[in-house]
Number of protein chains: 2
Amino acid sequence: MVRGQADFASRPTIRDVAERAGVAPSTASLVFSGRGPVADATAQRVRAAASELGYAGPDPRAASLRSGRAGAVGVLVEGRLLQAFRDPYAVIVLDGLAQELDAIPTGMLLVAQPFDEPERAMEVVTGLAIDAFVFSMCGPAETPVVDHLATRGIPMLGTGAPSDDRVHQVLIDEAGAQGEIVHHLRDLGHRRIGHVTMPMRPVTPGGKLRPADLERAEYVDSRERARGFLATAGRRSPMVEAATADVEGGIAAARVLLDRSADTRPTAVAAQSDLLAAGVIQVAGELGLRVPDDLSVTGFDGVSLPWLATPLTTIDQHGEQKGRALGRLVARLIGGDGGGEVENVTIPTDLRVGGTTGPPPRP
Amino acid sequence: MVRGQADFASRPTIRDVAERAGVAPSTASLVFSGRGPVADATAQRVRAAASELGYAGPDPRAASLRSGRAGAVGVLVEGRLLQAFRDPYAVIVLDGLAQELDAIPTGMLLVAQPFDEPERAMEVVTGLAIDAFVFSMCGPAETPVVDHLATRGIPMLGTGAPSDDRVHQVLIDEAGAQGEIVHHLRDLGHRRIGHVTMPMRPVTPGGKLRPADLERAEYVDSRERARGFLATAGRRSPMVEAATADVEGGIAAARVLLDRSADTRPTAVAAQSDLLAAGVIQVAGELGLRVPDDLSVTGFDGVSLPWLATPLTTIDQHGEQKGRALGRLVARLIGGDGGGEVENVTIPTDLRVGGTTGPPPRP
DNA sequence: GATTCGAGTCGAATCGATTCGATACTATCG
DNA sequence: CGATAGTATCGAATCGATTCGACTCGAATC
């Protein structure tokens with residue numbers, strides 16, 4: 001077997017560098033980490049020795065063993081990346097998180113959790129050196145990952161899920177916000193309002209949803225928004241669950257919701273996300289319904305969808321802020337300075353009235 | 001200062017578990033890693049001891065120090081996440097990569113490299129325990145990260161950039177593919193063909209581009225596609241560089257390119273990405289030009305943009321395959337079995353004729 | 001002149017596993 | 001029955017740093 005050059009001349013260690021510079025390894029360590037006081041002259045000798053030897057700096061593996069810091073936080077991505085990142089809201093939260101982590105500085109370690117076999121995520125997580133873990137996209141209420149990380153003493157952050165005392169949360173008032181936007185529709189005069197929900201569990205066929213079905217929902221955010229909807233629109237209002245949280249899911253759900261005669265068809269549809277709302281708008285077009293003249297449509301999230309002709313009436317969740325809040329919490333929990341006293345954070349939301357809502361059509 | 005419980009009772013180690021199970025630590029290690037032969041009875045005792053003690057499994061930090069494996073690969077993301085992931089092509093490559101890495105199993109560690117201060121990436125990279133590094137999105141031809149990682153002996157993978165012998169590449173024939181699609185336009189009869197290029201450097205104002213400007217381009221893919229364009233369309237064909245590689249960038253560039261009288265205006269525009277092409281199509285609409293009757297438009301990448309009314313004529317780069325190829329290379333390089341003999345891979349591309357190209361308008 | 005202080009440096013202990021060669025024991029085979 | 005092979009286990013060495021308390025020495029303080 002041919003072995004790489006690297007095996008012949010093994011890489012220099014901090015000990016080699018220290019020796020060459022005529023100092024103790026501990027002093028060399030001080031130079032590289034920038035902690036502790038070191039005379040300028042000494043520091044320069046150490047750095048010179050390092051570059052002469054081709055020393056790339058302390059090995060992160062060894063450093064992290066001793067110091068405890070890994071320089072990375074885990075981020076759970078449910079389902080395929082392709083799917084998850086198609087949602088601009090997920091991306092913007094991640095973006096906010098990344099910005100704050102950059103200041104620590106810390107990288108983001110993406111961990112995929114397939115919808116159909118969530119245990120797979122464990123195999124990766126158990127082997128990962130991380131300082132904290134973030135469930136930035138609201139996933140199932142429970143996952144084995146939480147138990148494992150808790151045992152390892154790794155701080156966890158979430159945005160509603162997993163629901164567990166050991167997970168610090170950055171929340172919004174899901175039910176209240178959904179209620180607010182439905183209220184806006186009622187103020188406009190709508191009385192027949194339909195709801196398109198995000199999936200209620202990892203793998204779902206979607207379809208009509210009754211209030212009782214919410215009891216068995218696994219996704220907290222979908223469930224709470226639906227409850228907020230029912231509370232404001234009335235418990236008999238029609239709800240359809242999308243099979244996937246994307247435009248296609250919205251299209252399929254809207255077809256179910258709008259497939260009835262004009263006198264019983266909803267005059268407004270409140271979707272649980274902007275992407276779903278885009279699907280509803282597309283179906284409205286197919287059915288010859290003008291938005292907002294014949295049908296009002298609302299979204300949720302407040303992401304920019306530049307390809308939509310009309311700006312959506314929606315709830316702005318301030319995703320970047322949410323991500324930043326998560327990042328700041330990570331920083332505090334990692335910092336370790338009395339991180340025990342971290343409280344949950346609630347981010348305010350704002351109703352943003354766009355051009356997709358108006359008074360209901362005259363009968 | 002309040003300290004967490006964890007500090008009082010420190011976490012059990014594999015030694016504690018071994019002791020409790022009445023075996024040597026080395027044997028316990030064998031149980032957890034699944035290497036080496038262990039009697040069933042012994043393995044069960046060890047596992048029982050572990051769960052009694054609340055042992056979460058070997059500490060990844062210690063394991064990685066000794067074994068050398070970190071269980072993660074770094075992935076460079078240039079600019080902000082929000083921007084980078086808005087490009088479906090970048091995401092689909094990442095998705096392919098993630099799928100292959102999942103099999104190893106290995107996580108993806110996102111490292112941000114701000115456009116304006118690329119050195120920032122170094123601070124994160126130097127502290128990260130990773131097994132390989134992937135430049136999956138074609139970035140600048142040079143970056144300090146390469147030198148550092150080479151010194152550490154960490155294998156690197158790229159898709160054209162950075163151009164360095166130490167970086168293994170998964171390539172496409174950029175110039176050839178761009179030439180092919182321009183050839184398609186010429187076959188249709190077009191003689192005045194314009195080009196909208198991706199940015200040629202991290203921070204650029206964009207604008208008109210002369211052939212000589214290509215010499216100073218920092219992005220290899222943009223440059224090579226432009227060369228392929230010039231070779232097929234003719235060296236005097238107009239080119240405009242987009243300031244950003246998104247729809248907005250395409251819009252601004254298209255305005256510059258199409259702002260002239262009908263008899264000198266290009267009858268076709270070849271854009272260097274599907275996103276840019278979408279921008280061109282939008283500007284065509286603003287100018288009252290029908291696609292493809294008045295203006296043919298081509299893209300590059302072959303991503304699905306469901307919000308486009310007409311499927312784009314484009315070059316399918318097979319992004320998922322590219323990502324998978326990167327992932328397989330990572331697996332081989334990490335596997336270590338004579339990884340020295342890894343050769344660069346070239347992925348074939350396919351011209352996909354959609355509805356955005358047709359014969360030029362009669363004068 | 002004795003004492004205090006802080007900057008600068010060092011040595012030894014430690015972080016928590018994995019790996020490798022040695023060893024004991026049990027089947028299998030000719 | 002002795003040699004061989006394979007299974008199961010162990011002990012010691014090692015991975016490469018960081019940390020902490022101790023020590024030295026010159027300057028400042030009383």
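Which unit do E3(A), helix H9 (residues 144–152) of chain A and E4(A) make? I looked, and they form a right-handed β-α-β unit. (Right-handed: with the strands pointing away from the viewer, the path from the first strand over the helix to the second runs clockwise. Helices, H or I with at least four residues, and strands, E with at least two, are DSSP runs numbered from the N terminus.)

Before going on, I noted that this is a predicted model, where local features need pLDDT of at least 70, side-chain atom pairs count only at pLDDT 80 or more, and totals for chains, interfaces and linings use all residues. Residues are numbered from 1 along each chain as its sequence is written, while chains are lettered from A and ligands numbered from 1 in the order in which they are written.

**Strand E3 of chain A**

I checked the neighbours of E3(A) first. Strand E1 (residues 72–78) of chain A runs parallel to E3(A), with three bridges between them, and A:Val75 sits opposite A:Val134. (Two strands pair if DSSP finds at least two bridges between them.) E3(A) is also parallel to strand E4 (residues 156–158) of chain A, again over three bridges; there A:Phe135 has A:Gly158 as its bridge partner.

Then I looked at burial. Strand E3 (residues 132–135) of chain A is covered on both faces: A:Ala132 and A:Val134 are buried on one side, A:Phe133 and A:Phe135 on the other. (Buried means 20 or more other C-beta atoms within 10 Å of the residue's own, with C-beta atoms placed from the backbone.)

**Across the two chains**

Next I laid chain B on chain A: a turn of 180° and a shift of 0.0 Å along the axis give an RMSD of 0.1 Å. The two copies are therefore related as by a two-fold rotation axis. (Superposition is by least squares on the C-alpha atoms of residues with pLDDT of at least 70 in both.) In chain B, B:Leu109 comes closest to the rotation axis, its C-alpha at 2.1 Å.

**DNA strand D**

Last, I counted 29 residues around DNA strand D, with A:Thr13, A:Ser26, A:Ser29, B:Ser26 and B:Pro37 the closest. (Near means a C-beta atom, placed from the backbone, within 6 Å.) Both chains contribute, including helix H3 (25–33) of chain A and helix H2 (25–33) of chain B.

Conventions. A residue is buried if 20 or more other C-beta atoms lie within 10 Å of its own, exposed if 12 or fewer, and partly exposed in between; C-beta atoms are placed from the backbone.
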